[in-house]
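This report goes through a structure in parts, starting with one chain as a whole. The sequence and the model come first.

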Amino acid sequence: MVSSHPATAMTDSSQIHGTPGQALQHDSALKHTTGEALYIDDLPEPAGTLHLAPGGADSVCGQIRRLDLSAVQSAPGVIAVLTAKDVPGTNDISPTHCGDDPVLAESEIRFFGEPVFAVVARSHREAREAARRGQIDIDPVEPVLTIDQALAAGSYVSEQQQLQRGDWQGALQHAPRRILGRTVSGSQDHFYLEGQVSLATPGEDGGVHIHSSTQHPSEIQHAAALALGLTDAAVTVEVRRMGGGFGGKETQAAQWAVLAALAAVTTGQPVKCRLDRDDDMIMTGKRHDFSSEWTVGFDDDGRILAADIHMASRCGCSRDLSDPVNDRALFHADNAYYYPAFRIRSDRCRTNTVSNTAFRGFGAPQGMMIAEQMLQSIAHQLGKDPLDVRKLNFYGKNQRDVTPYHMRVEDFILDELTEELENSSGYRERRRSVDEFNSSNTILRRGLALTPVKFGISFTNTALNQAGALLHVYKDGSIHLNHGGTEMGQGLFTKVAQIVAEELQVDLKTIQITATQTGKVPNTSATAASSGTDLNGMAARNAAQTIRQRLTAFAASHYKVLESEVAFRPDRVRVGGIEMSFADLVMQAYLNRVQLSATGFYRTPKIWWDPNKAQGRPFYYFAYGAAVTEVMIDTLTGENRVLAVDILHDVGRSLNPAIDAGQIEGGFIQGMGWLTTEEVVWENDGRLATHAPSTYKIPTCRDRPEHFRLQIFSRGENQEETVYRSKAVGEPPLMLALSVHQAITDAVASLINEAELPHLDAPATPESILAAVDARRASTTP
Amino acid sequence: MATAPTAEAERPRTASDKPVQNTRNTVRFLLGLEPVQVALDDPNLTLLEYLRVTARLTGTKEGCAEGDCGACTVLIGECQDGRIHYSAANACILLLGMVDGRQVVTVEHLADSGPNLIQRAMADQHASQCGFCTPGFVMSITALKLSLGEDAAADLPDRALIDENLAGNLCRCTGYGPIIEAARQACAQPLPVSWQAFSSTALAVLAGWQQDPSALHCQGRRGLFAAPRSTVDLLEYLAEHPQATVLAGATDIGLWITKQGRQLPVLLYLGQLPELKSLKNNSDTLEIGATVTIQETQPVLAALSPDLARLLCRFGSRQVRNVATVGGNIANGSPVGDLPPALIALGARLKLQGHAGQREIALEDFFVDYGQQDLLPGEFLASVIVPLKNDIQFYCWKVSKRFDQDISAVLGAFAMQIETGSVQRARICFGGMAATPRRAYHCEAALKDQPLDRQTLDRARDALERDFEPISDLRASSGYRQRIAGNLLEKAFLSMTGAQPAELYDGFLAPGHSHD
Ligand SMILES: Cc1cc2nc3c(=O)[nH]c(=O)nc-3n(C[C@H](O)[C@H](O)[C@H](O)COP(=O)(O)OP(=O)(O)OC[C@H]3O[C@@H](n4cnc5c(N)ncnc54)[C@H](O)[C@@H]3O)c2cc1C
Ligand code: FES
Ligand code: FES
């Protein structure tokens, strides 16, 4: 199923177990299957551990008039009840410290369920039972809930941003053809299987140790320090593994960690905060939903001449990461296509809903969906196959290659990649057989689409593109590996260990993977933006190279040979004419007082961004991929079924094809969920209606078609000097699923031969598909 | 009927209060192979809480605490006809008292001397990423493996059967492909010999307990959990405790506890009553005992119609179907329960039993209004009787956002008697269209004695507008529900006239597999 290729770095015909390029198991694979892998709620609880549950508002917005917690206080098992007044430091966990994300709401409620108090009780169940008893009265005000309401009310979390180039107005006006369209994509809950959880233990000097299920330990550390009035150094945050993150445990983990820490410091006892699934879904942010209007001008061949795109997103009640998310949406509103002239605007709407946050793709899926809907609309109007129109608009090589943010696309491989997929998937024959099927079926209809992905890799905030690692080699030759990246299932720890194994030519089993800990590697960036391996792999490689260099210098002087005569071979080291095990050399080095511990560091080169000019090179490189999806819909019920998926995806030179394939398939299915079954529904009163898996539907096993052909692009190689020329893989595959939505649209369009593309919002639930079908059928009746 | 229910919960109880004499006051079960006795302080204690907090077996995870994610999947072993039968269940909504006399197998028990073949297959296939869902999948695949024949090579599960067993386990990371492959790999191998020893040791213990006639009567500080062993005893309990909650599979009741935070002071578990478990297939009726599980009805109901087979394979998940009962699906009075509309269209009747004896009513009459059923105090549901008729054509469709484990937006069931191209009689019932499952009387009338043509369809569709005024909620808008109701009628028409070529979900149902 997965193609791999040998790693470049190999020097010897025999290989160590662990060399990059090998399809190795996830480091915890067997522990996962036996239940031995410990998540925070599984850790043995320290004696006296108390349990915390948040108490949320049961109204949507307004000033708090009265807070009556007497019934909470007196509930069985309750030890303490905390409110905003109990926060000794700054009552704010905003990632940008802009003061709009209180740990506990003090005077104002801004969304339904906003945490106002926290109960600390002897058991999880007692804490939850007590938390239901709070009385929070507010002076209600009219909420702003939707994007449309926010636009009408001028309610924003920050200023509008825009990118523009050339005389887009003139180009639109004079374009031979124009289409006006609207692209709407819904929100999405992360639905990590392990909910938010933290366990805080009070320590000496007022300090605290926090186990947090987070993608961003350094931020949790800082947030806890600020809230508790401590220095960062007094707070230690640790995370061995998360049961899924997907962006939802970046900023959103902070509140629960800080509350647990606050309660631990207040009561002097360890405190665990594990959110119940409903609280988790109600109280933590999700993917931004977007509503965008666009005009595209093009010629009779379908070549885009100009575009004017206005996107607006629901950010919720605070800024959180909405600025970088929306920036990334702006940066991906081109996807793989060259726009000669354009204006792209982005409005960031403030609403009385939970603050939306990072989610795999980080705004890019929403931006790309606009580009893809424009392309599909153009093709439809011209009666062409959308694939042909896509190819026509692809970025060029050395021409037509400047993105809307003035960065040149220097590594564009979609021509080759798309062609390969077009052939391997039998796209053209499939198109014919779909047409044939549709010509003889009225109720069931099929649709087909091929969509490409071009995704920029790096944090758009340049400062975040740095990482550190810490490597200890012990006297017995075993290696303790630590770095700033966190493991949420994506296989980061395995890949980084493979890199260290390669550098030192030691078997993977000599490398002990350890929990991410702010006390070991400081000032880390979130494990996000797909950059985990790019950054931490390089930092660890740097540390390993330092060790290797020290060992080489030592061996050369000790054995009186040239440094060039010292070679690290699989599981052994050759020094001049003799060979010894790695462990023996290490012991010699120890006895001769060579430092066997090293830190490593990495900063991504080449990138810069000037926010005032909206220009720069925000991305080190691009990751690419493409997918073909075939679907069937039932035009009486609107139900749909994905029949077949073919994917070709570029991961550069794969560090671990098994792990990369897992990211690609998992990302695709998650994207498919976003675009089909996963509907986040808000009641008119601002209450979240879908706050549990009973009402919120992520894909199940059956939704994954049997025909699912996944190939890693065998010619992939990063042009930039990333770690062994690999490419990031965490986020890009999610957007391959845009092909699902396009295929469904294609199936609806097949009903009536008409120039306009059917309008289909995402998620394409049976209800919205049926609405599109009915609208399509009605369009013939004059 | 007993009176003075108010002081009931507070009144200190003594052993002599028991209406039933031969009782036992601790829950007794096998945890792996270890016999465990638990005095229930709280009758509402879930199996999951017991496993994770008391037994410190943390391999079983909590992902939702409402039966929807499968992270908490365990195997429940039960002694039936001298054999031990294992089925997957969600520990989060199973109450501890319900495992009395049974064996609980968790992921830890599978790996006593290193990972077993299923665990290895999951690792080989790269089927875990974050790993939080993994123990649940391992348990569901184990249940699947155990349901197959001895000859591993000859009885490989097809994709549909794998889906039927795994659709109740959510994975957010992998996209499922590697898990499906792991299931295939594991099922192709013979069971390890150690399993044989494990299950026969368990069987011996469970069979021994089966001989003990004592009934569970656990009075704790927070309430009573009782599992009477005869309906006479049940009626006595009901008389004694008017505030009691009758407990069947707990797939609703479990959520009252974990999600609504309710404390139920008296639980009367029906699972130890052999009378309610029987399935009688008479020549012209099928009588389904109230505690027959959805899974157990599958072979008999699937034989009635392929549409019923499809409906049952997507009712909840395998874990839910294994414990959820037919009686519970009716007694809960839900407007979106899946069986009632289908059974009403089929003309089913209900047997209710109380102090005054038995009575029988038409199933549709049981549903009085939202949250209101024709169930008298002290009465319980004994069975449902489905007439078997050869002269009807039966169709039903469930429409929901997701195929598996989703609650119906609309469910339409159509039992049509057709003769020479015209409708003699129609019984049509919908779920999701009103406050209860409700028959479409206007629509039925519009069809009666009419030819199967477009005009009839249009008139019948119009009549549906008079039958229903559905609500809008998170599952569907009122307009969509109304439209779907008409479209399902159209589907029925197309099917009757042979013009419905295929189903979108054809191939989604495991063909030819016995569903034990
Ligand atoms: C994850 C999940 C998925 C689900 N999916 C579906 C689905 O697809 N379709 C569907 O229809 N339902 C679904 N349900 C709902 C539920 O499983 C069913 O309604 C089930 O049949 C209830 O049966 P039970 O035995 O578990 O009932 P319990 O929870 O034990 O009881 C439910 C109610 O019925 C009463 N009761 C039970 N038996 C009797 C009796 N014999 N006499 C009198 N009263 C009785 C109880 O007192 C209680 O009020 C789902 C539930 C979950 C948790
Ligand atoms: S925890 Fe999700 S089904 Fe039990
Ligand atoms: S591996 Fe993460 S949820 Fe399945």
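In chain A of this predicted model, 80% of the contacts between residues at least 6 apart in sequence join residues at least 24 apart. The chain has 19 helices and 29 strands. Of its 782 residues, 63% are buried.

The C-alpha trace spans about 90 × 75 × 50 Å along its principal axes. The radius of gyration is 27 Å, which agrees with a compact globule, because a globule of 782 residues would have a value near 28 Å.

**Nonpolar cores**

The largest nonpolar core contains 372 residues. The members that touch the most other members are A:Leu52, A:Val119, A:Ala224, A:Ala260 and A:Ala261. Helix α7 of chain A, residues 254-267, gives the most to this core, with 11 residues. Another core, of 43 residues, lies apart from it and has A:Ala469, A:Ala540, A:Ala543 and A:Val566 among its members.

What is A:Val119 in contact with, leaving aside its neighbours within four places in sequence? The partners are A:Leu52, A:Ala53, A:Gly55, A:Val72, A:Val78, A:Val81, A:Ala127, A:Ala130 and A:Ala131.

**Where the chains meet**

Chain B has 63 residues in contact with 65 residues of chain A. On the chain B side, at least two residues each come from α2 (107-110), α3 (117-124), α4 (134-147), α5 (159-166), α6 (177-187) and α18 (478-496). The largest share, six residues, belongs to α18(B).

**Around ligand 1**

Ligand 1 is surrounded by 30 residues, and the closest are B:Ala248, B:Gly249, B:Gly316, B:Gly328 and B:Asn329. Two or more residues of this shell come from each of β9 (245-247), α13 (326-331) and β17 (380-387) of chain B. Which of the elements gives the most to the shell? It is α13(B), with four residues. Domain 1 (22-108 + 197-269) and domain 3 (275-496) of chain B each supply at least three residues of the shell.

The table lists the residue classes for the two sets described above.

Notes
Residues are numbered from 1 along each chain as its sequence is written. Chains are lettered from A and ligands numbered from 1 in the order in which they are written. This is a predicted model: local features need pLDDT of at least 70, side-chain atom pairs count only at pLDDT 80 or more; totals for chains, interfaces and linings use all residues. Two residues are in contact if their C-beta atoms, placed from the backbone, lie within 7 Å. A residue is near a molecule or strand if its C-beta atom, placed from the backbone, lies within 6 Å of it. Domain bounds come from an automatic or database domain assignment. A nonpolar core is a set of buried Ala, Val, Leu, Ile, Met, Phe, Trp, Tyr and Cys residues joined through C-beta atoms within 7 Å. A residue is buried if 20 or more other C-beta atoms lie within 10 Å of its own, exposed if 12 or fewer, and partly exposed in between; C-beta atoms are placed from the backbone. The radius of gyration is taken over C-alpha atoms; the globule rule is 2.2 Å times the number of residues to the power 0.38.
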